[in-house]
Amino acid sequence: MTGLILALDTTSPEQAREWVRLAGTACGAVKLGLEFTLARGVSEAVATAGTHRLFLDLKLHDIPNTVRSAVRALAPARPFMLTVHAGGGAAMIAAAREAVEDAFEADARPILLAVTVLTSLDAQGLHEAGVAGGPRQQVLRLGRLAMEHGAHGLVCSPHEVSPLRDALGASPLLVVPGIRPADSAADDQKRVMTPAEARRAGADWIVVGRPITRAADPAAAAAAIAEELA
Ligand SMILES: O=C(O)c1cc(=O)[nH]c(=O)n1[C@@H]1O[C@H](COP(=O)(O)O)[C@@H](O)[C@H]1O
């Protein structure tokens, strides 16, 4: 069963609430990220998610001590999911996990996700950033590192779901953005697949923003994606 996470990429609580009202019933969680929390703060993110589970996507990436403290600071928000960048390294990921274990109540611990290689990067983008080998090789390298050092799951593109399953088995929770329904126009996302393809590959969750929030009818767009996942 693959769930749908709705990405609420806006600075406006009113806009975010409207998207949740229109499309929320099709979604198992909503995601608020840097754009929203820098403009409005974490408390407003919690309020905006309302009764939906909150994926707080802050993609933390800093020295271990700073990330540990940042994760601790999020305890009052009780998010359902949290992100750190796997590229921050073993000690940083372990520090984030320690903070999840020691700062959150046992029944409120978030799922700690490590972002592997952003879905907006292709082989050329990685090469320009000094990474040898393509996205698949890098995702496998970072995915293994993150899972060995305390992540509960990984964020990856749909193209790496099967290779990750082959390498790491069923246990990592795989959360997959870079989702574009078949008739979508090209944009900043590079490593994409349709919702049905991501489901078939073995994604636990897909993350979808603009194909729903920018659709003429967000409710219908969300329902169509949920149907594809069913
Ligand atoms: O961590 C993420 O959620 C994330 C990782 C990644 O590699 N790619 C990616 O697109 N995302 C997020 O997933 C969402 C995708 O939104 P759309 O491209 O509008 O569907 C955005 O909120 C991104 O911040």
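**Notes on the predicted model**

1. K59 is found in strand 3. Most residues other than glycine have a negative phi. K59 counts as partly exposed, because it has 16 C-beta neighbours inside 10 Å.

2. R78 has a positive phi of about 45° and is not a glycine. R78 lies in the loop between helix 4 and strand 4. With 16 other C-beta atoms within 10 Å, R78 is partly exposed.

3. Next, the domain record. UniProt, in an unreviewed entry, places the feature "domain: Orotidine 5'-phosphate decarboxylase" at residues 3-225. Over residues 3-225 the chain is 43% helix and 17% strand. The end C-alpha atoms of this stretch are 10 Å apart.

4. Which residues of helix 1 are buried? In this helix, residues 13-23, they are A16, W19, V20 and A23. Seen down the axis, the buried residues fall within an arc of 100°, so they line one face of helix 1. The face turned away from the buried side carries the exposed residues E14 and R21. The buried residues pack against strand 1 (3-7) and strand 2 (29-33). They also pack against helix 2 (34-40), helix 3 (42-49), helix 10 (210-213) and helix 11 (218-229).

5. Helix 4 spans residues 64-73, and V67, R68 and V71 are buried in it. These three cover an arc of only 105° around the axis, which puts them on the same side of helix 4. Exposed N65 and A73 sit on the face turned away from that buried side. What covers the buried residues of helix 4 includes strand 3, strand 4 (81-85) and helix 5.

6. Now the core. The largest nonpolar core has 68 residues. Those touching the most other members are I5, L6, V30, A96, L113, V176 and I206. Helix 5 (residues 90-103) gives the most to this core, with six residues.

7. W205 is found in strand 8. W205 is buried, because 26 other C-beta atoms lie within 10 Å. Not counting residues up to four places away in sequence, W205 touches T2, G3, I5, V175 and V176. W205 and G28 are 177 residues apart in sequence. In space they are 8.8 Å apart, C-alpha to C-alpha.

8. How many residues surround the ligand? There are 18, and the closest are A7, T119, P177, G209 and R210. Strand 3 (54-60), strand 8 (205-208) and helix 10 are the elements that give two or more residues to this shell. By class, the shell has eight nonpolar, six polar and four charged residues.

9. Last, a loop residue. A215 lies in the loop between helix 10 and helix 11. Is A215 buried or partly exposed? A215 counts as partly exposed, because 17 C-beta neighbours lie inside 10 Å, and a buried residue needs 20 or more. A215 and I225 are 10 residues apart along the chain, and their C-alpha atoms are separated by 12 Å.

Conventions. Residues numbered from 1 in each chain as written. Predicted model: local features only at pLDDT ≥ 70, side-chain atom pairs only at ≥ 80, totals over all residues. Buried ≥ 20, exposed ≤ 12 C-beta atoms within 10 Å, placed from the backbone. Helix = DSSP H or I, 4+ residues; strand = E, 2+ residues; numbered from the N terminus. Arc of directions from axis to C-beta. Contact = placed C-beta atoms within 7 Å. Near = placed C-beta within 6 Å. Nonpolar A, V, L, I, M, F, W, Y, C, P; charged D, E, K, R; others polar. Core = buried A, V, L, I, M, F, W, Y, C linked by C-beta atoms within 7 Å. UniProt positions renumbered as here; feature names shortened; annotations may be inferred.
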